[in-house]
Amino acid sequence: MASIEQLKRQIDLKDLADRLGIKQGKGGDDALYHSPHHPDKTPSLSIFINHPKHGNGWKDHSSGEGGTCIDLVMYAMGLTVSESMKWLHEAYAIPFDRQDGQAQPQKPKTLVDHIAARCIGARDQVRSYLAGRGITEAAIAAALKANTVGFNEWVSPKVPEGEVGHGGPAAAFIVYAPGTRDVLGVDMRFFDPAINGDVKTQSQGEKDGYGWTSDWRRLERARRVYIVESAINALSIDSCELPGAAAFALRGLTNVQSIEWTFLKGKQVLICLDNDEPFEPGHRRAGERPGPNAAWALYEVLTAQNISAQLVDQSGWLKELDHEDSPSINDVNDYLQEHGVDLLRNALEKTEEWLIAGLAGDAKRKGKPRVYLPSHDYSQYWKYRVRPDFTRYITKMDKNRETDEDKPDYTDLCGFRVASLTRVSVASSASTMTGDTDHAPTVYFSATVQTARHGYQLTRKVFTDDQLHNVQQWSKFGPIWAPQQFSRMVNILERTADLGARTVANFVGLAWLNGQLAINEGPDCYFTDAEKQCPYHNLTFPSGPVQDAARVIRAYQGTFLKNAAAIPLVWALGGHLKALLGFWPHMTIQAGKSAGKSTIIKRLERTIAFTMFSGQSLQTEFRLMTSIAHTSHPVGWEELSARRQDVIDKAVGILQENYQYTITRRGTDMTEFLLSAPVLLAGEDVPVRSLTGKIVRSDLTGKKGALMPADLPRFPVRQWLTYLTDLNKMDVLAKYEELRDHLLARSRASGASQNDDGAGRMASNYAAVLLAWRYLADFAGMDYTEGNFGTDLVAEMNAHIAETSQDRAPWVWIMETFLSELDAGRFAHPNKFDIVDGKRCLLVRTSHIMDHLAHSPYLREKWNGSPVKSATVFKRQLAEAGVIEGKKDVERTIRGNRATHLTPLSLDALETFGLAAVERDDLHENPRSRP
């Protein structure tokens with residue numbers, strides 16, 4: 001953590017008091033604050049900034065308490081010193097992983113930083129200009145206090161007055177990065193555009209992807225957010241002092257598609273862009289309205305992310321409110337200046353009630369419509385009216401005798417609002433995994449609705465073509481009181497299927513979409529039965545500062561020696577490379593009792609948000625399959641060895657296929673499942689003999705190190721995936737081949753054992769993990785040699801190869817069963833121990849061995865789980881292993897009969913593979929005749 005002195009230098013006490021909710025009294029920036037612990041009519045808490053006597057500090061004169069920023073957190077929140085320091089680190093995004101005494105690295109000051117600082121220094125000079133635009137004093141004061149508004153008076157010494165670029169007095173709006181105090185840009189709005197060549201606005205720094213708000217903390221707390229075009233409009237909304245509301249300015253209509261809108265999730269969003277008139281006939285965009293068109297696009301963007309959005313009704317924004325032919329008002333600030341705060345407040349509360357957002361059903365519609373409705377649909381469209389989470393239907397229209405106005409008679413239609421109905425083209429599984437051109441996409445229809453029970457979080461359901469008009473399917477959203485009228489409404493909404501049409505991938509993790517790598521989270525997918533099709537259907541990847549990555553990796557490297565815990569972490573994060581490599585190995589964690597296996601798995605679950613499935617949830621093949629579908633984010637299977645043998649066999653079969661990916665379909669509706677998730681197998685005895693060539697491992701036994709800190713942050717998985725999207729597939733494959741050759745040269749499979757294909761496959765698996773480490777180290781800003789990860793991975797690989805030499809050969813498993821049967825006297829076929837070419841051998845036909853396994857009922861499970869079922873393949877593997885003595889089969893007399901084509905198996909060679917047989921004294925005795 002940073003030292004106390006470093007925190008004092010970095011943290012503004014007045015800003016800290018605001019974050020702690022300590023209220024300032026009246027009297028401007030120098031006013032005292034109210035005590036946080038008791039009601040006081042007169043403010044009693046002083047905050048000193050560069051005071052000649054007190055320096056930077058605070059003091060509560062009513063209690064005598066005072067001190068530094070840490071003391072203020074302790075005083076206001078009742079925390080300890082360490083808890084207060086941790087709170088400050090998190091609140092101000094100060095990295096934890098610096099050593100005490102090490103200076104906080106200072107970010108180099110940019111031109112935008114200097115411009116912002118100069119504008120903030122002269123900020124009081126902007127008050128009169130903003131007040132002249134109708135902005136209230138309270139809104140101005142709040143923005144000045146948050147340092148988001150300033151004053152710029154710079155003029156160019158080279159560009160003469162009246163030309164573009166000269167400058168002049170301007171209101172400055174400082175743009176900060178969300179969640180930090182980093183300045184990204186400064187927008188100028190000139191008091192007199194004529195001085196600057198009639199250019200009204202100008203920006204410095206970043207503009208694409210970032211908006212402006214008067215106070216980010218206020219926006220984060222807000223339940224309702226208004227989105228407008230400019231900062232002046234945002235301040236106009238702030239002037240209304242709407243409870244629980246904040247305003248956000250786009251800073252340009254192109255930012256509709258550029259801004260990351262996730263910060264609005266769970267909030268009510270009201271879109272109020274400029275009320276532009278249509279372009280005149282003859283213009284290349286004749287009939288279009290820039291503001292409303294951008295509002296429609298923004299509505300689609302937000303709805304696609306399940307963010308509740310509605311349009312503010314601007315049809316009544318007239319200069320003379322009681323005259324329908326009065327000129328229209330263009331934006332929020334114009335309305336404020338024309339009609340004042342109270343009327344603007346009322347206007348902002350009124351949202352459009354039309355069924356299709358942005359498409360008016362009366363004569364007030366201007367310009368090109370958002371969607372074309374034929375006359376038979378349009379004649380019914382005007383009857384449907386929506387509230388945020390409710391839909392009504394007009395049964396008839398009466399006349400008010402006194403005012404001669406239309407008076408609609410409403411009937412409840414359904415207990416939810418259909419926010420959008422969109423056609424979705426889901427990329428095929430092969431295209432998703434390989435990036436190849438998609439020749440077989442699947443078309444669905446996605447309905448996004450808002451219900452009362454989910455608040456401002458939209459819910460979504462995916463329909464097949466024949467489900468779209470099934471009212472029973474729609475009723476899963478909520479009650480439908482008029483099914484006939486509801487079906488007519490759906491028929492009208494079909495016209496909007498093109499508005500938000502999109503191509504998506506039903507895959508959680510790193511996937512290929514339209515030939516490009518893309519990050520797909522649970523909400524980005526359109527499953528027809530999400531809970532069954534993907535274990536991560538609602539997962540949003542952990543996100544955070546990139547510097548947290550190095551801290552997490554080092555913690556895992558230290559908690560178990562020789563990178564025993566870091567290897568599973570790297571394996572888990574590297575699983576997303578499957579889209580680039582085409583495969584990814586599974587993993588086991590080996591450990592003795594009380595070695596810490598369960599602890600490290602639980603920490604891994606928290607660190608990267610992966611799911612460990614209990615053995616009880618893996619009782620059937622279907623449950624095994626649904627736990628690994630449509631994702632490259634790892635999952636875990638607990639205590640698989642405790643399941644029934646048939647379940648184990650099915651699990652192993654699925655894992656064999658899941659090493660790369662497999663497509664399967666289940667159910668009467670042939671629901672598709674893409675089996676792709678890497679699996680972490682945990683338990684005392686993991687049955688992985690047949691998976692040896694498709695698995696890596698980490699052994700925790702005897703390697704315990706320091707405990708990981710309780711406040712260890714989560715790994716920034718989202719940022720890691722963003723890093724991976726910038727990789728080139730061919731470069732990744734070339735790097736993998738390089739590391740594979742590197743590990744093959746250092747593995748036990750090199751040299752004399754180079755023909756061991758199984759060991760070569762294992763080296764390939766560990767090379768994939770090493771590749772992930774190289775990229776992770778680069779992502780985290782670490783040296784890839786740090787912690788000797790590569791060296792420890794090679795040691796683990798070689799230990800794994802040495803211990804599984806016999807497990808990699810299926811003939812060994814068959815021989816183990818056969819020798820057990822032979823020793824128990826249950827093998828009735830001819831066999832004999834004899835000397836062949838001077839060597840002790842067991843003489844038996846390989847076909848008899850396979851027949852015995854195939855036709856013994858009690859060996860049925862072993863036979864079903866065996867990858868080799870042919871006597872020819874079995875004999876060839878015996879020969880390749882060098883356990884057949886000589887080059888020819890032999891003949892012997894056994895139990896008085898001449899037995900031919902007996903294969904001599906060298907007992908000495910078998911013993912090198914851990915296989916031993918009990919040699920009987922009476923070689924001619926019928927084993928079934930013995931007592």
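Cys525 is buried (under 20% relative accessible area, where over 50% is exposed and in between is partly exposed, with a 1.4 Å probe and protein chains only), at a relative accessible area of 4%. This is a predicted model, in which local features need pLDDT of at least 70, side-chain atom pairs count only at pLDDT 80 or more, and totals for chains, interfaces and linings use all residues. Residues are numbered from 1 along each chain as its sequence is written, and side-chain values use heavy atoms, leaving out hydrogens and water.

**Exercise 1.** Work out which residues of helix H29 are buried, and what they pack against.

*Solution.* Helices are DSSP runs of H or I with at least four residues, strands are E runs with at least two, and both are numbered from the N terminus. H29 spans residues 846–855, and seven of its 10 residues are buried. Those are Thr846, His848, Ile849, Met850, His852, Leu853 and Ala854. Their packing partners include helix H28 (810–823), strand E29 (839–844) and helix H31 (871–881).

**Exercise 2.** List the residues that Leu581 contacts, leaving aside its neighbours within four places in sequence.

*Solution.* Contact means heavy atoms within 4.5 Å. On that basis, Leu581 touches Val732, Leu733, Tyr736, Ala768 and Leu771.
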